[in-house]
Amino acid sequence: MLGKWLQKQKRNRWAVDKLHTSIQTHSLRPDFYYDGGARDNFSGRFEMTSLHACLVFRRLRTAGQAGKDLSQDTFDALFHGFDEALRDIGTGDLSVGKKIRKMGEAFYGRAKAYDQALADDASADALGIALKRNLGLSDAETDRFCRYVRLVEHTLLRHEDPQLLSGEVNWPKLTLA
């Protein structure tokens, strides 16, 4: 039993690393952070990473058990990275666990809000409200980010399962118009 688990972990590790890196790299693109856009601080970067991870995990849930496993493993890798980032900015060892727990709760709250907003096309305002609240967007930028999130969702839906399960994501750009 343990041998099978270790083999799965080893096979899956490269996909987790690739997906984790993809989510982090894309979420930290400078074109998300500007006056009126996402806040350019630790909190804002956490929010952008959470948004992109939620969108990827939402799509991976449709890829069966392998997708769910990859989501969980990538979630674990993301939060390990958040733990390291907190330590790098000088958060004390005794505080890190509490902060990570709060970040996990925040992540799940955002995932639920984004899922509900994207599942309910009739309530177009729900996505805008969630994005504005979580990312700190200006009124003028909220519609732009809503269009971007829907574009990401449609792009991910066009990805084949094997492509996603290998950790490969082709991200669309946040457009100025």
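Which side chains does a polar contact of 2.8 Å join? In this predicted model, the two partners are the side chains of Glu141 and Arg144.

The protein consists of 177 residues, of which 47% count as buried. Its secondary structure comprises seven helices and zero strands. Followed along the sequence, the pattern therefore reads α-α-α-α-α-α-α. Among the contacts with a separation of 6 or more, 67% are between residues 24 or more positions apart. The protein exposes about 9700 Å², and carbon and sulfur atoms supply 56% of that area.

A pair of helices may be considered next. Two packed helices are described by the distance between their axes and the angle between those axes. Here the pair is α2 and helix α3, the latter covering residues 64–88. Their axes come within 9 Å and cross at roughly 170°. Because angles over 145 degrees count as roughly antiparallel, α2 is roughly antiparallel to α3. On the side of α2, the contact is made by Phe42, Phe46, Thr49, Ala53, Phe57 and Leu60. On the side of α3, the contributing residues include Gly64, Gly67, Leu70, Phe75, Phe79 and Phe82.

Phe46 is found in helix α2, and its relative accessible area is 7%. Since buried means under 20% relative accessible area, Phe46 is classed as buried. Leaving aside neighbours within four places in sequence, Phe46 is in contact with Phe79, Phe82, Met103, Ala106 and Phe107. Of these partners, Phe79 and Phe82 also belong to the α3 side of the helix pair. Phe46 and Ala106 are 60 residues apart in sequence, while their C-alpha atoms are 10.0 Å apart in space.

Helix α2, which spans residues 42–60, also holds Glu47. Is Glu47 buried or exposed? With 4% relative accessibility, Glu47 counts as buried. Apart from residues up to four places away in sequence, Glu47 touches Arg39, Arg110, Asn134 and Leu135.

The discussion now returns to Glu141. Glu141 is placed in helix α6, which runs over residues 139–158. Its relative accessibility is 15%, so Glu141 counts as buried. Besides the polar contact of 2.8 Å with the side chain of Arg144, Glu141 touches Tyr34, Gly36 and Gly37, where residues up to four places away in sequence are not counted.

Helix α6 also contains His154. His154 and Arg59 are 95 residues apart along the chain, and their C-alpha atoms are separated by 9.8 Å.

Finally, the cysteines may be examined. A disulfide is a covalent bond between the sulfur atoms of two cysteines. How many disulfides does the count give? The count, which requires a pair of cysteine sulfur atoms within 2.5 Å, comes to zero disulfides. Cys54 is buried, with a relative accessible area of 7%. Cys146 is also classed as buried, because its relative accessibility is 11%.

Methods: Residues are numbered from 1 along each chain as its sequence is written. This is a predicted model: local features need pLDDT of at least 70, side-chain atom pairs count only at pLDDT 80 or more; totals for chains, interfaces and linings use all residues. Side-chain values use heavy atoms; hydrogens and water are left out. Buried means under 20% relative accessible area, exposed over 50%, partly exposed in between (1.4 Å probe, protein chains only). Helices (H or I, at least four residues) and strands (E, at least two) are DSSP runs, numbered from the N terminus. Contact means heavy atoms within 4.5 Å. Accessible areas come from the Shrake-Rupley method with a 1.4 Å probe; for residues, only the protein chains shown count as cover. A polar contact is a pair of N or O atoms within 3.5 Å; within protein, one must be able to donate a hydrogen and the other to accept it, and residues adjacent in sequence count only if both atoms are side-chain atoms. Axes are lines fitted to C-alpha atoms, for helices over the stretch in contact, and angles run from 0 to 180 degrees between N-to-C directions. Angles under 35 degrees count as roughly parallel, over 145 as roughly antiparallel, 65 to 115 as roughly perpendicular and the rest as oblique.
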